[in-house]
Amino acid sequence: MPPPAPDDRAAGAGAGPPEAAPAGEPQGRRPSEPTRRRTRRIVGGIVAAVALLALTVGLVFDWNWLRPVLEHHLASRSGRSVRIGRLDVGLASRVGPTVRLSDVFVANAPWASARPLIQAREVRFTVEWGGLFGRDLITLTHLVLIDADVSLERRVDGLRNWRLTHPDDRGPGHVRVLAIEPHRTTLHALHDGVDLAIDLRASALDGVPAGSARVTQVDFDGRWRGSAFSGSAATAAVLTLRDTARTFPLRGHLLSNGSRLDVDGQVADILRQPLIEARTELRGDSLAGLGPWLRAAVPASRPYEARATLRRDAARLELGDVEIRVGTSDARGTVALNTGAERTDLTAELTSRSVALADFGPRSGRGAAETTQAGAREEAAAPRARPRDQAAAPRPGPGASAPRPLSETAASAAASAPAAATAAAPAGAASAERGVRPFGATVRWQAATLKLPASRAPLTGVRVQATLADRVLEARPLEFAVAGGRATGSASVDFNADSRGWRTTLDWRGVRLEQLLGQTDVERRVEAVLNGSARLAARGRAQDDWLASVAGSVDLQVTGGSLPASLDAKLALHGPRVLGAMLTGGRAPIRCARAGLDVENGIARSRGWVLDTEGEHVVGRGSIDLRRRRLDVLLTPEAKGASWLALDRSIRIEGPWQTPARRLVDRVALPAPAACRAAG
């Protein structure tokens with residue numbers, strides 16, 4: 001990323017609507033409009049008078065005669081030391097006069113670091129004529145910095161260290177820079193309002209082939225919102241910052257939190273409404289490392305990589321030829337972001353050959369904090385916002401050693417900076433109170449195979465359309481095939497603070513139970529066709545909240561099928577039949593099986609469970625505590641045929657649902673569900 005110019009608006013003071021300090025914060029002494037206009041008329045009058053005089057007397061006039069006047073004006077208005085070795089003005093350009101300042105030194109603001117605002121061997125800029133005669137905005141069409149060290153600092157309350165004639169002004173900027181040409185230049189920038197600290201160094205690129213447009217190397221490191229970053233770029237001599245639409249080549253990379261971004265293409269106006277057409281690659285150890293940059297809680301993952309062609313104009317960003325791989329999971333398609341309307345809208349069309357949820361989540365890779373810490377160890381220590389009393393060494397004179405990078409002076413602060421990101425709702429959950437644009441999204445996704453961690457039967461033919469609006473994410477329709485059957489439904493997640501939670505509706509038909517359970521032993525497996533439905537909803541922010549509040553209903557019904565005769569006899573508590581089934585084998589057809597659950601406050605209670613076969617009839621009741629992950633189930637069997645040989649007892653299953661205890665208890669008569677009474 002090229003270094004931004006010392007431009008009021010480009011540096012954040014005028015890129016959008018006029019700024020105002022937050023309520024309760026000092027507004028500072030802001031000059032009145034007549035005072036500002038008078039200052040512009042004085043400066044414009046001086047330059048105009050000089051230009052007219054130059055046109056009259058030609059090269060005879062000594063431009064440097066005005067240098068003491070300019071020094072005195074800037075020093076008296078800013079209260080700082082200002083030194084200029086020489087002043088020259090050229091009038092060859094039709095755009096406006098070109099001003100050249102040699103051996104420039106301007107001290108920093110009293111509240112800022114001890115580093116000078118600027119110390120440079122040469123500063124050269126071209127000013128549009130219109131800005132000198134009454135316009136509110138002065139435009140520098142081209143700024144050249146040679147052997148310069150620039151330090152730009154902005155406080156949370158809007159105070160900027162680069163404002164010299166009105167140092168206490170916190171309002172919109174009055175100068176804009178369209179393009180910058182840095183030669184052996186260092187820029188240090190601190191913006192407390194967005195928690196950004198960056199150190200950029202521009203130098204001549206070594207080994208440049210003849211005719212190459214990339215002749216400048218920009219190295220950078222810094223810290224943004226608690227995340228350290230570093231990188232470098234090979235680019236052109238002149239970098240456009242805003243309002244030009246003139247592209248320049250850029251090839252570079254950025255490292256942060258164990259991830260690396262590579263960019264190669266053409267860009268323009270990088271500080272305001274940038275234009276981009278470039279090939280991009282992003283890869284890293286875990287998606288969790290992207291969380292701080294996205295201001296969202298991103299799950300950990302296995303190593304990932306993504307490639308896309310990026311195109312961006314003033315109102316639209318497009319990612320074409322997208323290829324994503326996370327572990328064994330993949331996706332391809334297109335993504336577009338439209339920012340021109342009243343809200344920002346994301347649209348995406350993605351397809352996947354295979355997605356494994358085991359590639360995501362805490363067991364798949366390093367967590368956010370671990371990834372961030374690892375990235376910090378791999379990268380150079382980067383700066384963060386500095387305390388007001390921390391001094392930075394001024395630029396040394398000729399022959400002295402180079403200044404320490406800002407990243408070194410802030411290394412101790414960076415080492416102790418919190419690395420983990422603050423969990424946040426997705427981008428669609430933008431807060432209107434914080435002035436963030438509304439966000440919406442529509443994503444269509446199809447996957448040939450979706451593998452679930454706890455299931456041996458993958459989902460196939462997955463098709464879903466997800467929309468995000470008014471802080472509610474909704475997936476409708478949601479369709480997939482599983483274990484020989486088909487499921488359809490919908491799901492939604494509400495990110496609003498007063499109604500945060502989720503709800504889902506799902507119906508399935510023709511699901512083979514033996515495939516769903518992954519039973520491969522033909523002699524011992526339960527074969528059945530499972531139909532059912534679920535209507536569930538929950539409130540809260542996290543899994544424990546959901547499990548404690550989930551409510552709704554679940555219904556299951558088996559049509560056809562069979563189970564091993566030995567299992568049928570065990571459920572009937574019929575000892576002789578168990579022995580016979582062990583000797584002869586065989587299977588018992590299922591005549592009827594169904595279960596119904598009503599769920600409230602995280603506890604699922606049965607409406608009636610029944611299993612009816614040729615050899616026995618089992619009725620059950622019980623409950624499942626989802627939050628505590630415990631179950632308590634009572635089964636009462638009734639053997640058919642020679643029932644006097646069966647135990648007249650009930651079966652109780654209770655305890656943690658992964659390792660429940662089973663025991664026989666006194667018989668409890670239970671009513672069968674109506675749908676199975678006739679079959680019994």
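Guide: Of the 680 residues in the protein chain, buried residues make up 45%, and this is a predicted model, so every value here is computed. The chain's secondary structure comes to 12 helices and 32 strands, and its accessible surface comes to about 33,600 Å², of which 56% belongs to carbon and sulfur atoms.

Visitor: What makes aspartate 359 count as buried?

Guide: The word buried is used under 20% relative accessible area. Aspartate 359 has a relative accessibility of 1%, and therefore it counts as buried.

Visitor: Why is the pairing of arginine 302 with aspartate 359 called a salt bridge?

Guide: A side-chain nitrogen of Lys or Arg has to lie within 4 Å of a carboxyl oxygen of Asp or Glu. The closest N and O atoms of arginine 302 and aspartate 359 are 2.6 Å apart, so the pair meets that cut-off. This pair links distant parts of the chain, 57 residues apart: arginine 302 is in the loop between helix H4 and strand E15, while aspartate 359 is in the loop between strand E19 and helix H5. Arginine 302 itself, with a relative accessible area of 33%, is partly exposed.

Visitor: How do you know that arginine 316 and glutamate 318 are both partly exposed?

Guide: Partly exposed is the range between buried, which is under 20%, and exposed, which is over 50%. Arginine 316 has a relative accessible area of 32% and glutamate 318 has 31%, so each of these values falls in that range. The two residues also form a salt bridge, with their closest N and O atoms 2.7 Å apart.

Visitor: Why does a distance of 3.6 Å still make a salt bridge of arginine 591 and aspartate 612?

Guide: The cut-off is 4 Å, and the closest N and O atoms of arginine 591 and aspartate 612 are 3.6 Å apart, so this pair is counted as a salt bridge. Arginine 591 is partly exposed at 47% relative accessibility, whereas aspartate 612 is buried at 0%. Elsewhere, salt bridges that share partners join Arg260, Asp262, Glu281, Arg283, Glu305 and Arg307 into one network, and the structure holds 39 salt bridges.

Visitor: Why is arginine 539 called exposed?

Guide: Exposed means over 50% relative accessible area, and arginine 539 is at 54%, so the word applies to this residue. Arginine 539 is found in strand E25, and its contacts, not counting residues up to four places away in sequence, are Arg500, Gly501, Asp545, Trp546 and Ser549.

Note on methods: Residues are numbered from 1 along each chain as its sequence is written. This is a predicted model: local features need pLDDT of at least 70, side-chain atom pairs count only at pLDDT 80 or more; totals for chains, interfaces and linings use all residues. Side-chain values use heavy atoms; hydrogens and water are left out. Helices (H or I, at least four residues) and strands (E, at least two) are DSSP runs, numbered from the N terminus. Buried means under 20% relative accessible area, exposed over 50%, partly exposed in between (1.4 Å probe, protein chains only). Contact means heavy atoms within 4.5 Å. Accessible areas come from the Shrake-Rupley method with a 1.4 Å probe; for residues, only the protein chains shown count as cover.
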